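Here are some notes to read alongside the model.

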Amino acid sequence: MIIQEPIQAAIWHCLNHYAYSDAIFLAERLCAEFDSDDSIYLLATCYYRSGKPSQAYTILSGKKIVSEKCKFLLARCCVDLHKLSEAETVLTGNVGDLISSSSCSSFIETIISDYGDSAAFALQLISHIWWRSERSHLAAEACRKALYLNPFLWQSFQDLCDRGVKPDPEPTKIFRADNLENFNKCLGSNSHVNSTPLSSYNLSYESINTFNSSTPAQKMVNMSVPSSNSSISSGIQPFTPDMNNAKAIFVRPLGRKVKVINENAYSPLTPSFGVFPLENSDNLSVCSSQSMVLVPSATLNETNDHKFISKRSSKPVFSQSGNTSNINNLGTQQITMPSSPMSHVVRRSSRIITNNCSVKENTKSPNKKFASPKSATRKIKSGLIPKKTVFADITERHPKERGVMEVETLTLAQQALNLQKKTTEGLLSLLRDIGIAYLQLSKFNCKKAIQLFQSLPPRQYKTGFVLSMIGKAYCEQSDYLQSIKYFSEVKEHEPYRDTLMELYSTSLWHQQKEVALSALAQDMTALDRNSSSTWCVVGNCFSLQKEHQTAIKYFQRAIQVNPDFPYAYALLGNEYLVTEELEKAITCFQKAVKLDPRHYKSWYGIGAIYQKQERYELAEMHYKRALRINHSSALIMCHIAVVQNSMDKPDQALHTLHIALTLEPKHPMCKYQRAQIYSKLGKLPEALYELEELKEIVPKESLVYFLTGKVHKKLGNIHLALMNFNRATDLDPKGASNQIKEAIDPTNNQSPLDDSG
């Protein structure tokens, strides 16, 4: 007969030490003896954690599972294997298609009731399914409820921002500790942490009154030993903390000055999670043995101690068999009581005296040496809690103040709960600041987002996540040099990070930095060949080298690794656009916007295809769709102006360019297009003014000198026209020669650039 608990404990021990093959082996032995939901769940968990969701799916789907944890794990496996319909069926119980906006709230309440403390994670998982199945209103509701239950689920907040849900998620309301109904729903209980979960102390607000009504000794026991009825979902017995290694911090209570001396008695001074100053921290010392000792501050002097001993003359300090030798070394020893939950507390009757004093009885003068105790000892039975504790000694010394202390003293339970709330509030405050900045970035208010990210505490600002967000913001603004700067800092601080490295490679591509892009591609392939970002970087590297067919293969590889990655489809569409494979290109862009309706670059790509096909109305429509998403993009506005100019709407085109240049006064493409329209309308001085400013912004752009030569030709300045044509030829010998011949030829007064934009 095999008992489950020791085997389960051994399996979790292997999992916690990443010995997955051993865990699987033991779990299989357990399943052979006990064919239950718990054993099946444990075996599937072993496979899933070892990176084998397919095996975990096969195990769970082949059994008639009942428990909610098995259903949740099965749904997780289905999502990883792209079996979204089956995952929804597992979570919703065959009613997923019947859920509407009106019945969504009742369904969510059912999920909360069924899954308990795991409800937030179940809602987050089903919201992912609903996002993918284009049921945005249901997915948004599930995300909001998941955040209400557990505000630490950042992915749910990020989904709400990225999907552009209206009304906008409000970080100031989401990341608030006073909204939490139950700490366990967001903090959980982990028996493998070196402390007892707060839930095992019964520290809810309802239990504080009961705690206050108990005796001081019972309070310490309740804080030290979890309830024997508590259990762990895996079936392992509750974890009993080793109080010799306790790490909890207790603030000095009000009223009577009872201090708790602990190893970590000082609050960490961090600008991110809030500072918790401990009162009179200078008077707190660190217990060398790492044990928690309660010291009444009113007795921290030798005189009071001897007076207290004389009052208790009828009670011996040590037993006859106690350790009375080596009395000079007692300063470094502790009195322990085996099998007692209070063994870590030093009794008041066992006061430790300095080297120049001994212990005695029935002596009023503290100056005489103490004799050895002769009276009968008070035996303490093993496993029993002594009636007289430190708290009892405090009240015994001042019996008149006993009632006052019980009224005024803040209980340890309240202190622990307050500390937990303070720590939670510190983290939520940080999440609020990051959430506000991320919300602005998702709305493409890039300048404001950059300011908010840069205002974060220094320790958080220097993290890869924050720096990559700033790099992304600059990339969205087409400020590729600044984007490269911040992404390079990300690689310096966190060389293991692969998130958003595809944007880093795009910035390098725009700046024509072949060496840096090649180095990044090598680093990424060495880091993780199973990341879609890696193959996007490699594809951009070959695209910059004009090896478009090779780049297409690597972008296809990125899609193969992660079929749900919109940016990979957009990059592949751009390559097809360059190679004139327009049908394939538009298919890629359409897949990208299906995965992410707010992927404005794909809408922009579809518009570029229609513009290339001279279907200007459709091009303008798709460009404006992209502009509604990223309303601050001067590049999109510029292309809208080009299309409007092609449809013989120069006034609208100039108005659009004026708005774009208001956002980015030195945007080179917008200024070039405005100069071209001025030239077409015959406003030659205005065109020359724009072109002279362009020469300062992009001094090595051949098209600027070519258009300047055309304007001078119209003005009759032949020598200036030839000078600018020669300059354009020097900068781009192959691209400008034919255009220059057409411009010089008097039979052809229109340049192809006027039509192409």
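How many residues does helix α1 have, and how far does helix α1 reach from its first C-alpha to its last?

1. Helix α1 (residues 4-16) has 13 residues and reaches 18 Å, close to the 18 Å expected at 1.5 Å a residue. The expected span is 1.5 Å times one less than the number of residues. Helices here are DSSP runs (H or I, at least four residues), numbered from the N terminus.

2. A word on the source: this is a predicted model, where local features need pLDDT of at least 70, side-chain atom pairs count only at pLDDT 80 or more, and totals for chains, interfaces and linings use all residues. Residues are numbered from 1 along each chain as its sequence is written, and side-chain values use heavy atoms, leaving out hydrogens and water.

3. Back to α1: Gln8, Ile11, Trp12, Cys14 and Leu15 are buried. Buried means under 20% relative accessible area, exposed over 50%, and partly exposed in between (1.4 Å probe, protein chains only). Seen down the axis of α1, the buried residues fall within an arc of 155°, so they line one face of the helix; the arc is that of the directions from the helix axis to the C-beta atoms. Their cover includes α2 (20-33) and α3 (37-49), where contact means heavy atoms within 4.5 Å. Just after α1, Tyr18 has a positive phi of about 60°.

4. The largest nonpolar core has 168 residues, and Ile11 and Leu60 are among those with the most contacts inside it. Such a core is a set of buried Ala, Val, Leu, Ile, Met, Phe, Trp, Tyr and Cys residues joined through side-chain atoms within 4.5 Å. Its largest share, nine residues, comes from helix α8 (residues 119-132).

5. Do look at Val66, in the loop between α4 (53-61) and α5 (68-80). Val66 counts as exposed, at 58% relative accessibility. Leaving aside residues up to four places away in sequence, Val66 touches Asp37 and Lys71.

6. Salt bridges (a side-chain nitrogen of Lys or Arg within 4 Å of a carboxyl oxygen of Asp or Glu) come to a count of 17. One of them joins Glu109 and Lys145 (3.8 Å, N to O). Glu109 lies in helix α7 (residues 104-115) and Lys145 in helix α9 (residues 136-149), so the pair ties together parts 36 residues apart in sequence.

7. Another salt bridge pairs Arg674 with Glu690 (2.8 Å, N to O). Arg674 counts as buried at 14% relative accessibility, and Glu690 is buried at 5%. Together with Lys671 and Glu693, these two residues are linked in a network of salt bridges.

Key:
Helices (H or I, at least four residues) and strands (E, at least two) are DSSP runs, numbered from the N terminus.
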